[in-house]
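Hello,

Here is the structure I promised to pass on. Please open it alongside this note; what I found follows below.

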Amino acid sequence: MKATLAIAGNTVREALRERLLYNLVIFAVLLSVSSLTISRLTLGEQFRIIADVSTSSTQVFGILISVFVGVALVSREIDRRTAYAMLARPVSRADFVLGKFLGLLATAGLNLAVMALASALVLFLYRGNGSFLGSGFFVAFGLMIAQFAICVALAVLFASFSTPTLAIIFTLAIVGAGFLFTEVRPFWLLSDEAGMKPLVHVLDFLLPGMGLLDAKEALTYGDTVSLGSFATRMAYGCGYAGVIVAIAAVVFSRRDIR
Amino acid sequence: MRGKGTAVLLAVSAAAVALGRPALEPEAVDASRVREPAWLPNGKLLRLASFGQRLLLADLYWLKTVTYIGESTLSRGHRLGSLHALGDIVTDLDPRYGYAYQVIGSNLSGLAHDVAASDRLLEKGVRNVPDRWVLPFLLAFNRFFYARDYAGAAAWARRAAEVGKRPHLALLAANLSLVANTDEEYALSLSFLELSLQQPQTPELRDQIKARIVKVRTYQALDAVERAIDAFRARNGLAPIVLDQLVWSGFLPRIPTDPSGGSIEYEGGTGDVRSSVIGARRPIRVSE
Amino acid sequence: MSALQIEKLGKTYRLGLRMRSVVALDALSLSVEEGSIFGFVGPNGAGKSTTIKILVGLIKPSRGTASIFGKPITDPASRRVVGYLPENPSFHDFLRPLEVLELLGKLSGLAGRELRRRAEEVLEMVGLSHARDLTVRKFSKGMVQRLGLAQAVLHDPPLLILDEPMSGLDPIGRKDARDLVLELRRRGKTLFFSTHILNDVETTCDRVGMVMKGQLVAEGSLGALLDGSVKSVELRCAPLAEEHFAALHASALDGSRGPDGWVFSFADLAGANRAAARVLSLGGRILSLSPQRETLEQSFMRLAHSSGSAGGEWRQASSG
């Protein structure tokens, strides 16, 4: 466990030196701020546009950061051979994978905190009060960490056995498929075609249910979300990420570091 | 040499700008002209491909809609032919976008004169955002103002009163029922007003509702008498001299009492019926 | 108990989409006694690094077993007693040397004050104390190699597995590294290191294993591996009058006129003695008279040829 934490800590340190990370975070924050101007273009319900732009930019850039930095920091350990001296110590491959995952997740959490704070400030500037800070706000941003966990886990998995470019493509494809599946699922369930329903139920477990973890609407409409619903979704997201990390550990254990 | 080259470049470029800009004037005028959005996707397909960003896309299309309405209004005479498509896209992307139903729905009937499309969008809104009372209210307006379907208008107004917890709308619904002037509407309106009375209301409003109940009952009674007079006239060629004739000839079981507390007065010469308290049945009317 | 026991270790890679199989290592067996220095030599691509990476768990063997102080290498705990220097080591370049050592020390189970003390100690030992405030990014190749040695000995392991420890070092660095190796042996550590620079082996190793195309072609003590007999005798003398060169050359196997005198080689000491007497009688000066024995390199080339292998790329170290 100590070794895992040491690797995680070093990963956070390395991630915080990534220029890409800062570029994306700054861009996301700028978008949130610019939504104050964009919202002037509309009539009525300006809050909604500010909220949507803030949550969307946080989510999109958070996912991009998780995927790109996740893939980069794992494949770099092998490419630059920095992993050699680490893996030749009494550290199992699973420790290493878990350490990378936790470090990357902590980084994603830091990003999320920064971007959520920026969004809160922008919303506060618009509203002049903190009335938007209901359960909707915390659930919308809170559940993003579960989305990022899935992205990081997939990034670690694919980076542990393929090239960085392919790993990024695979990860984005699966995350995208997760979002897409949430939307097509109801139509497939209504379909008369035989085999469609079983397929949906298989995909329910195979693909990450990104839509289930996406609660941006709760902030937009100020919905009240029950703690139970939040906890269940969080458990699902973290569980999915955990399974992927476990698979990554197995895959990485079998890999020859040449 | 180098300085000369730069000078030539500058001269040629400046000439191109000087000659080209005036030639582009038609394009410049055209660029600011209102035009139909060149291509509008299917909102449902767009939602499938939104990768979780459907709210943001809905906002983008909403902004586009706002601009479209604004430009079309400024340019006058524009038909707003794409408004219903934009409304569908926005509300397919975000079915809970109540404000979009409201604004696009009212402009579809008001500016684009497409009441059917307005009704369709507003009804979709009522399904998806059932707690937004403005949507059934706008539907009531569409029914009343454009379709002259007063019973339908009254029904939507009652719906608006119900979801919006706005008893004023119940009063409005009752007025619409009076315009509709059917037995069914009187019955529905009365039961709805009685229901409103059971909810906690301010004393002023309670009095207003009670007064409205009396008015509806009175109108109902007057209407029954008027219809009997019409039937009498149809058979005998002229109106009865006294109301009792209606009972004798079997057109009315009895002369109703005036629910307003006065009496029902009849003028044999003109055939006009009125209540001694609230006067003749004279619901608001839209000039034909 | 031997520090390192390798039994029929083999590795076959499956490469490319068609899973073409390439044998990198073929049934290699050897054992290294505790307290000895074992030199693992062979040309580039012979399988030295593959063997070493299998031993430290970076590569899974396809066949065979190996154990470190009796613990099978499949158990990560076996690596608790191993210090490993990778070939061309590389460390996170944003860290300072002590931070590198602290990170790696934690992975070896060190912690707290003990870890800090050891880190300082090994940094001093490899002569990097002056660079403690630089990040690894600013390190020269030699400094990185020194840091590599430092992290290998950080947790004071009884067995050191070093992959090309002398590469990337300048002459001073090579001497320091050699001194470090000998110092570690004096402290009772076992060393297993690979190199393709045979000078290193000749000056430090007790035993040598030669690997060629994935196979161990020879193994034994340095003396046993080298053919100890005198191959030729070399005589060097100050130049004489030109007419004597031809006469001396006639009695020798070979002769040449170099800038620092004439050099002749003779089949045996007797012939060389006769020529030396002749030089002296002519009033010349003898600069040196040395018997030539087989070098490890020549021995290797001999073995390579006898095993039908081309010998690959060989390089004699420039100096040491």
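The open sheet of chain C has 6 strands, in the order S6-S7-S8-S3-S9-S10, with mixed pairing. Strands pair here if DSSP finds at least two bridges between them. Its edges are strand S6 (82-85) and strand S10 (215-221) of chain C, each pairing on one side only. From one strand to the next, the twist averages 15°.

This is a predicted model: local features need pLDDT of at least 70, side-chain atom pairs count only at pLDDT 80 or more, and totals for chains, interfaces and linings use all residues. Residues are numbered from 1 along each chain as its sequence is written, while chains are lettered from A and ligands numbered from 1 in the order in which they are written.

S6(C) and strand S7 (residues 159-163) of chain C run parallel, joined by 4 bridges. One partner pair is Gly83(C) with Leu160(C) in S7(C). Helix H4 (residues 141-153) of chain C lies across S6 and S7 of chain C, at about 170° to S6(C). Angles run from 0 to 180 degrees between N-to-C directions, with axes fitted to C-alpha atoms, for helices over the stretch in contact. Helices (H or I, at least four residues) and strands (E, at least two) are DSSP runs, numbered from the N terminus.

Now the interface. 13 residues of chain B are in contact (C-beta atoms, placed from the backbone, within 7 Å) with 23 residues of chain A. On the chain B side, H4(B) gives the most, with 6 residues.

Best wishes

Notes:
Two residues are in contact if their C-beta atoms, placed from the backbone, lie within 7 Å.
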